[in-house]
Amino acid sequence: MPYSPMLVRPMREELTSAGVKELTTAAEVDAWLAEKNGTAMLIVNSVCGCAAGAARPGARLALQSPDRPERVASVFAGQDLEATAKARAAFPDIPPSSPSIALLKDGELVYFIPRHRIEGRSAEQLASDLTGAFSRFSAAVAH
Amino acid sequence: MGTFHQDRGELHGITVVVETDASEVWVGRCDTADDRGVVLRDADVHRESSGRDAFLRSASELGVWPRHRQVLIPSQSVASIRRLGEL
């Protein structure tokens, strides 16, 4: 059952205040995924502090990188159910987990961090993983 | 931003690998680990000797499919428990 919207709002704003576009409906996810050009990052946000407590600040740190993806969006697992299901359906070979982070290039999944690669790690460690991936996959993209 | 979870031990919420004395390998999110055993949520299991390494390799890379919403592995069956992220 979803948590109270009031309780979850700060967790949404932690990402949206860093320029992350929040996708709350399946239609919004469809439209976001339909854009194929360039680099993009999709964050599956989560209430769970066991991992999301590092995922959000880690993503915020990483987004300060000059190589940050051109488009960044999030869905909120356990809150925006249809949007999350639609986002997960785009990656049918990947088991669902939240939080998790997908990096796409020209519409193709090129990098994925599942929940268990976030658990127990610091925001700085996660940001380092992400910025490394940004550097590898943004090289051929004209900014 | 903190968690809403109560204190359920250091492995609560952590994705773990539990090996049993029956040669099962379970992977799932630990809810509790205490004298009764290990409760996993959204878990998958591998029961055959062949394919064990491939199962763990895949789990380590991408995670597991939640084929078992919740399972209790009795403590007397638990041979080892470790974090999936450390594989």
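In chain A, residues 24 or more positions apart account for 78% of the contacts with a separation of 6 or more, two residues being in contact if their C-beta atoms, placed from the backbone, lie within 7 Å. The model is predicted: local features need pLDDT of at least 70, side-chain atom pairs count only at pLDDT 80 or more, and totals for chains, interfaces and linings use all residues. Residues are numbered from 1 along each chain as its sequence is written, and chains are lettered from A and ligands numbered from 1 in the order in which they are written.

Chain A holds five helices and five strands; helices (H or I, at least four residues) and strands (E, at least two) are DSSP runs, numbered from the N terminus. Their order along the sequence is α-β-α-β-α-β-α-β-β-α. The C-alpha trace of chain A spans about 40 × 35 × 30 Å along its principal axes. A compact globule of 143 residues would have a radius of gyration near 15 Å, and the 14 Å of chain A agrees with this. The radius is taken over C-alpha atoms, and the globule rule is 2.2 Å times the number of residues to the power 0.38.

Of the 143 residues of chain A, 44% count as buried. A residue is buried if 20 or more other C-beta atoms lie within 10 Å of its own. A nonpolar core is a set of buried Ala, Val, Leu, Ile, Met, Phe, Trp, Tyr and Cys residues joined through C-beta atoms within 7 Å. The largest such core has 39 residues, and A:M41, A:I43, A:A59, A:V75 and A:L130 have the most contacts inside it. Leaving aside residues up to four places away in sequence, A:A59 touches A:L15, A:I43, A:I101 and A:L130. Another core, of 17 residues, lies apart from it and includes B:V16, B:V18, B:V25 and B:A43.

In chain B, five strands form an open sheet in the order β4-β3-β2-β1-β5, with antiparallel pairing; two strands pair if DSSP finds at least two bridges between them. β4 (68-74) and β5 (78-83) of chain B stand at the edges with a single partner strand each, so one side of each is left without a neighbour in the sheet. Strands β2 (residues 25-34) and β3 (residues 37-46) of chain B pair over eight bridges, and B:D34 stands opposite B:G37 in β3(B).

Between the chains, 19 residues of chain A are in contact with 16 residues of chain B. On the side of chain A that touches chain B, the largest share, four residues, comes from α3(A).

Definitions and conventions
A residue is buried if 20 or more other C-beta atoms lie within 10 Å of its own, exposed if 12 or fewer, and partly exposed in between; C-beta atoms are placed from the backbone.
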